[in-house]
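Try each task before you read its solution.

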Amino acid sequence: MCNPIGIISERKRGGDLEKNEWVLCPVCGHKTRVQIRRDTVLIRFPLFCPKCKHENLINVKNYKVLIADRPDAKTQCR
Ligand SMILES: [Zn+2]
């Protein structure tokens, strides 16, 4: 097993466009209970991670999960 872990491998198979993918926590990489489709777009979606027990605002596009900025929340330094 020499494959790098943590990178969502794109499996391009014809006719598999409606496949759902589990959203992975952007912080710890744990699988959450949220599924997305290929054409799912999420903006500032509060993703709850059952492992972190914490909510993260995320943006999702093309199966890519990015942590969204929180301009409203106070940034906790340390
Ligand atoms: Zn997590």
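**Exercise 1.** Work out whether Thr32 counts as buried, partly exposed or exposed.

*Solution.* Keep in mind that this is a predicted model.
- Step one: count the C-beta neighbours of Thr32 inside 10 Å, which gives 19.
- Step two: check the cut-offs, where buried takes 20 or more and exposed takes 12 or fewer.
- Step three: Thr32, with its 19 neighbours, therefore counts as partly exposed.

**Exercise 2.** Find the strand that holds Thr32, then list what Thr32 touches beyond four places away in sequence.

*Solution.* 
- Start with the strand: Thr32 sits in E2, which covers residues 31-36.
- Next, go through the contacts of Thr32: Trp22, Val23, Leu24 and Cys25 are among them, and Leu47, Phe48, Cys49 and Pro50 are on the list too.
- Finally, take Pro50: 18 residues separate Thr32 from Pro50 in sequence, yet their C-alpha atoms are 6.5 Å apart in space.

**Exercise 3.** Follow Leu47, one of the residues Thr32 touches, and find its contacts and its bridge partner in E4.

*Solution.* 
- Contacts come first: setting aside neighbours within four places, Leu47 meets Val23, Thr32, Val34, Glu55, Asn56 and Ile58.
- Now the bridge: Leu47 is partnered with Asn56 in E4.
- Then step back to the strands: E3 and E4 run antiparallel and are joined by seven bridges.

**Exercise 4.** Which strands make up the open sheet of three, and in what order?

*Solution.* 
- Read the order across the sheet: E3-E4-E5, paired antiparallel.
- Look at the edges: E3 and E5 (64-67) each have a single partner strand, so one side of each has no neighbour in the sheet.

**Exercise 5.** Which residues form the largest nonpolar core?

*Solution.* 
- Collect the eight members: Val23, Cys25, Val34, Leu47, Cys49, Ile58, Val60 and Val65.

**Exercise 6.** Sum up the whole chain: how many helices and strands does it have, and what share of its residues is buried?

*Solution.* 
- Count the elements: zero helices and five strands.
- Then the burial: 12% of the 78 residues are buried.

How values were computed: Residues are numbered from 1 along each chain as its sequence is written. This is a predicted model: local features need pLDDT of at least 70, side-chain atom pairs count only at pLDDT 80 or more; totals for chains, interfaces and linings use all residues. Helices (H or I, at least four residues) and strands (E, at least two) are DSSP runs, numbered from the N terminus. Two residues are in contact if their C-beta atoms, placed from the backbone, lie within 7 Å. A nonpolar core is a set of buried Ala, Val, Leu, Ile, Met, Phe, Trp, Tyr and Cys residues joined through C-beta atoms within 7 Å. Two strands pair if DSSP finds at least two bridges between them.
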